[in-house]
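Welcome! Here is a friendly walk through one protein model and the two small molecules that come with it. Have the sequence and the 3D view at hand as you read.

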Amino acid sequence: MPHEYKIASMPGDGIGPEVIDAALDVLDAVARYSGEFTLSFDNLLWGSDFYKATGTYLPSDGLETLKKYDAVLFGAVGAPDVPDSVSLWELLLTMRGSLQQYANVRPVKCLSSIEPVSRHVRPRDIDWMFVRENSEGEYAGQGGRTHSGFGWEVATEVAIFTRHGVRRIMRFAFETAASRPRKLLTVVTKSNAQRYGLVLWDEIAEEVSKEFPDVKWDKMLVDAMTVRMVRNPQSLDTIVGTNLHIDILSDLAAALAGSVGIAASANIDPTRKSPSMFEPVHGSAFDITGKGIANPLGAIWSSAMMLEWLGEKQGSMLVMNAIEKACAEGNTTGDLGGKLNTKQVTAAIISMLANPVRAYATGTTNVFPQFAEYGDFDNDLGLVNFEGGSLVMNVCSSRDNKHGHHSTTEVIGTKGRILVNGEPRILPVDISDEHGTRYLDQLDHMDHTDMFLPTFKAELARF
Ligand code: NAD
Ligand code: IPM
Ligand code: MN
């Protein structure tokens, strides 16, 4: 039986509903196509209209309600006629804090054919994973106002750094860095000026680093970090910082990679005691609300992160591949230089999903030109992913002219998904092991397997 996940969808305000609609359509499509899981969505209308009608953003049992779900998909909150400090604190920041989603993960990379905005940056230079402390620091909510209404009014906003809070985010960041091929971490700090909280931050980074001897790490003051992101982007991989620092740096990163409209994020409770929440990085975008032109990629990418967190790696990769392919073919909104609206970009992504052989990845190379004699390979890109990397290959032909077969093969994730004569066959094959490669050997139309196995193995060895 496919696993069923219960998702709370909370579109919120502004362009939130527009991009969450797009994400839900894509999620429906990937669940249908995959056949491995089903998703049920409850639409929670908690946002500024709800607040104006009821006087509250979150119903009194709201947090308990959320705990019944496997994950939350969130759009944006913030309305022109409600103070941002009210809308954000009563909804988004309360959820992040109360559900102890202490790790905010924000991947940023240049999608296919999107030009970075700076001439110093080449597309391949940006492939970053931001880890943001999401429960304390500058967003601890400690402070207050005294002498209100008098000339000597005073306000405090106290940043809180706890040993527990810093240690858990550092561990998460080092683990994240260790799981990526470059095993490289940059710890962002400002301990030259902030001599208590951020000195503790640095000390704990140093302590935790000892648990991860394989991770190469360095420390960077946040001001110099902005320069490094623009001038030396390829020197960065995983980046950890405080709540406020990464809020700012992740917007800069998204802009460098093309647009804030593509930026995705996951508010993770790594203990899995509470559901995690997935949301685009951007806000309500009052200036484009209702125009139907919002870039849905941040929300759709966040949905892919949700699938990955739920354990549906294949589904997640299918969505990411579809995003890449849609971008590569120029199906983008205006913020990325394209001409399409939100619905058209979403439709393009769904059509990529519907045709599995069109799954696509950045940096595609035809590593098996020998196969050209078999037919039209334009549509025959397969993505093989394995521990530590991925390889795009023409696995076989959709129109095998030579042998008269009509089969397509797609290998995604650690499992192989094979369509033979249009019939899906899901194979529990780990492509990176002997068994997996043997399976490919057995496919009847793969009679030239020997030809590509050495190339495949050589590619594997590079990682
Ligand atoms: P914003 O992200 O809403 O907009 C900044 C700029 O980016 C605008 O010009 C907007 O049109 C553009 N933009 C944002 N998302 C886009 C998309 N998907 N496609 C194309 N263009 C996009 O930031 P802001 O203007 O500072 O904030 C507006 C409101 O949203 C405020 O109330 C703020 O507090 C709130 N906000 C909420 C969240 C959230 O819910 N996570 C995040 C940021 C801001
Ligand atoms: C984000 C947003 C929020 C934050 C705001 C709206 C409170 O900017 O998710 O990046 O600062 O965390
Ligand atoms: Mn932000």
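A polar contact is a pair of N or O atoms within 3.5 Å; within protein, one must be able to donate a hydrogen and the other to accept it, and residues adjacent in sequence count only if both atoms are side-chain atoms. This is a predicted model, in which local features need pLDDT of at least 70 and side-chain atom pairs count only at pLDDT 80 or more, while totals for chains, interfaces and linings use all residues. Residues are numbered from 1 along each chain as its sequence is written, chains are lettered from A and ligands numbered from 1 in the order in which they are written, and side-chain values use heavy atoms, with hydrogens and water left out.

**Ligand 1**

Let us begin with the polar contacts here. In H282, a polar side-chain atom lies 3.4 Å from a nitrogen atom of ligand 1. D84 brings a polar side-chain atom to 2.6 Å from an oxygen atom of ligand 1. N295 takes part through a backbone N or O atom, which lies 2.9 Å from a nitrogen atom of ligand 1. On its own, ligand 1 has 800 Å² of accessible area, and the protein covers 71% of that (areas come from the Shrake-Rupley method with a 1.4 Å probe; for residues, only the protein chains shown count as cover).

How many residues surround ligand 1? There are 22, and the closest are D84, G283, A285, D287 and N295; a residue belongs here if one of its heavy atoms lies within 4 Å of the ligand. The shell divides into twelve nonpolar, six polar and four charged residues. In this scheme Ala, Val, Leu, Ile, Met, Phe, Trp, Tyr, Cys and Pro are nonpolar, Asp, Glu, Lys and Arg are charged, and the others, Gly among them, are polar. α4 gives the most to this shell, with three residues. Helices (H or I, at least four residues) and strands (E, at least two) are DSSP runs, numbered from the N terminus.

**Ligand 2**

Around ligand 2 we find L88, R96, R106, R132, Y139 and D247.

| Side chain (N or O atom) | Distance to an oxygen atom of ligand 2 |
|---|---|
| R106 | 2.8 Å |
| R132 | 2.7 Å |
| Y139 | 2.5 Å |

Taken alone, ligand 2 exposes 320 Å², of which the protein buries 77%.

**Aromatic pairs**

Rings of Phe, Tyr and Trp (its six-membered ring) pair if their centres lie within 6.5 Å; planes under 30 degrees apart count as stacked, over 60 as edge-to-face and the rest as tilted. By this rule the count is seven aromatic pairs. The ring centres of W128 and F130 are 6.1 Å apart and their planes stand at 90°, so this pair is edge-to-face. F174 and F212, by contrast, are stacked, with 5.4 Å from centre to centre and 20° between the planes. That pair links distant parts of the chain: F174 sits in helix α5 (residues 163-179) and F212 in the loop between α6 (197-209) and β9 (216-221), 38 residues apart. Together with W217, F174 and F212 form one aromatic cluster.

Are F174 and F212 buried or exposed? Both are buried, where buried means under 20% relative accessible area, exposed over 50%, and partly exposed in between (1.4 Å probe, protein chains only).
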